[in-house]
Amino acid sequence: MKKTILFMVLIFSVYFTKAQGNISGFEILSEYLLDGKVLINPNSATTEVKYQITYSRPANGASVNFYYSLGTTGGSNGLPVFFENSHNVTNSTFGTNIFLKSETITVSIEKSKLIPGNKIFLFYQFDSQESVNAFNFKNYDFVTTLAPTTPTTPTTPPSYTPPVAGAVPFYEYYRASNGTHFYSTNWVAENYSSILGYVFKTQEAGTSPLYVYHSSTYNKYQYSFQLSNNLEGDYVYRGVACYVYTNPVTKSRPIVKHYNSTSKDYYFFDGPGTFTGYSLQGSEFYILQNQQVTTYPLPEEDTMELYQYYSNDGDHFYTTSKKDRSGFTYEKVLGYVHTIQKTGTIPLYRYYTSVSIAKDHYYTTVKDNYNNYLYEGIVGYVYPGGGVNGTTPIYSYYASVNGDHYYNNINANYGGYVNEGIKFWMLQYNH
């Protein structure tokens, strides 16, 4: 694992307008560290790091400003300011008889600035007088990794069981040196990332050839159903990558294309999502997937459990992929969604915002442009109304205090949430 030697000197800036407060603790959250080093994700143009800060209760409300500087010259204290994050603190923030408060602060650091010899500084002020407490000084090296959960690159192909006879893995590779994703049915140990799904090397019923093109200028790849020499740029035809489905079939999942206009990289993902620096291009094709392991048998083929997670930021998150997620706690199975559209079902769309009161995932059967929300794709397929055997209504709840949407099959009143009524129906989880 490549290490970039960077040192983080931590200095905080908190300016209280009415009364002086005091920082009493600081830690980088453990999920953003690997062997005591801050993780850098080369798949993204920015690296997200979260700090937990504990500070004392001011006598009155206060304006709290955190300034993030990077470099060794210029700016206050000789430090150039690159980041700023401000919010207000009031007595009501602390609650009754609480005099110390912990908050999680998110910093997005540009990858281009994470270079050898650079340093990150965070500083604080009380009444415009700069102060430094010894506990705020901590040194962290930076380590480059694809993701905290990415396994070490194997030298031999990972074991697999194809969902149908004749299907082979479609391997995903990522070259971190120039931010390039590429895909192939051929095994190459170097730059291996994961198995995107399963495809065919020869044409099967319902499949079409997926052609691959390469640009020597960008050293990037494009994939298309169109056999053409007229692609923008100097992309040259390199052959048939594989054969895939153009329409959903049993055991298939849609593959969605994302594009980074800066790095010219195309990235495929088998589900809804948004990725820093990438714009969502839409569904491209369908490839086969193995059934996810479940505790209980699924009610029907081509259904998946919809899992409920809850974040440190107060955000409920629902997904068909069960795994450990940084900053999220797994809570339960909400119900079942169909993975391909069956008669009588409609898409369940996912949207996301990070500019509301808090980060929020929003789920709806109505596709629209929602203010400050980014469309992330289709989670699965649900029912618009009752009447289908084995289904249950799903109620939507909204908390204006933190902008969180919460979903449950129970019609009730939850503190801080407004019951918005039934939004859709889904197959019930009875266990």
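**View 1. Confidence across the chain.** The average pLDDT (the predictor's confidence in each residue, from 0 to 100) over the chain is 77, and 64% of the residues reach at least 70. This is a predicted model, in which local features need pLDDT of at least 70, side-chain atom pairs count only at pLDDT 80 or more, and totals for chains, interfaces and linings use all residues. Residues are numbered from 1 along each chain as its sequence is written, and side-chain values use heavy atoms, with hydrogens and water left out. Among the elements, the lowest mean pLDDT, 30, belongs to strand β2 (residues 7-10), while strand β30 (residues 418-427) has the highest, 98. Helices (H or I, at least four residues) and strands (E, at least two) are DSSP runs, numbered from the N terminus.

**View 2. Two stretches with pLDDT below 50.** Residues 63-68 fall below 50 in pLDDT, and the model gives this stretch 42 contacts beyond near neighbours in sequence. A contact here means heavy atoms within 4.5 Å. Residues 145-151 are also below 50, with 11 contacts beyond near neighbours in sequence.

**View 3. Strand β19 and its partner β21.** Take a look at β19 (residues 252-260), where nine of nine residues are buried. Buried means under 20% relative accessible area, exposed over 50%, and partly exposed in between (1.4 Å probe, protein chains only). Eight bridges pair β19 with strand β21 (residues 279-288) in the antiparallel sense; two strands count as paired if DSSP finds at least two bridges between them. To find your place in this pairing, look for R253, which sits opposite I287 of β21.

**View 4. The β19-β20 hairpin.** Strand β20 (residues 265-269) runs antiparallel to β19, and five bridges join the two. One handy landmark is K257, whose bridge partner in β20 is F268. Four residues lie between β19 and β20 in this hairpin, and K264 in the turn has a positive phi of about 65°.

View 5. K251 lies in the loop between β18 (235-245) and β19. Although K251 is not a glycine, its phi is positive, at about 70°.

View 6. D302 is not a glycine, yet its phi is positive, at about 65°. With a relative accessible area of 9%, D302 is buried.
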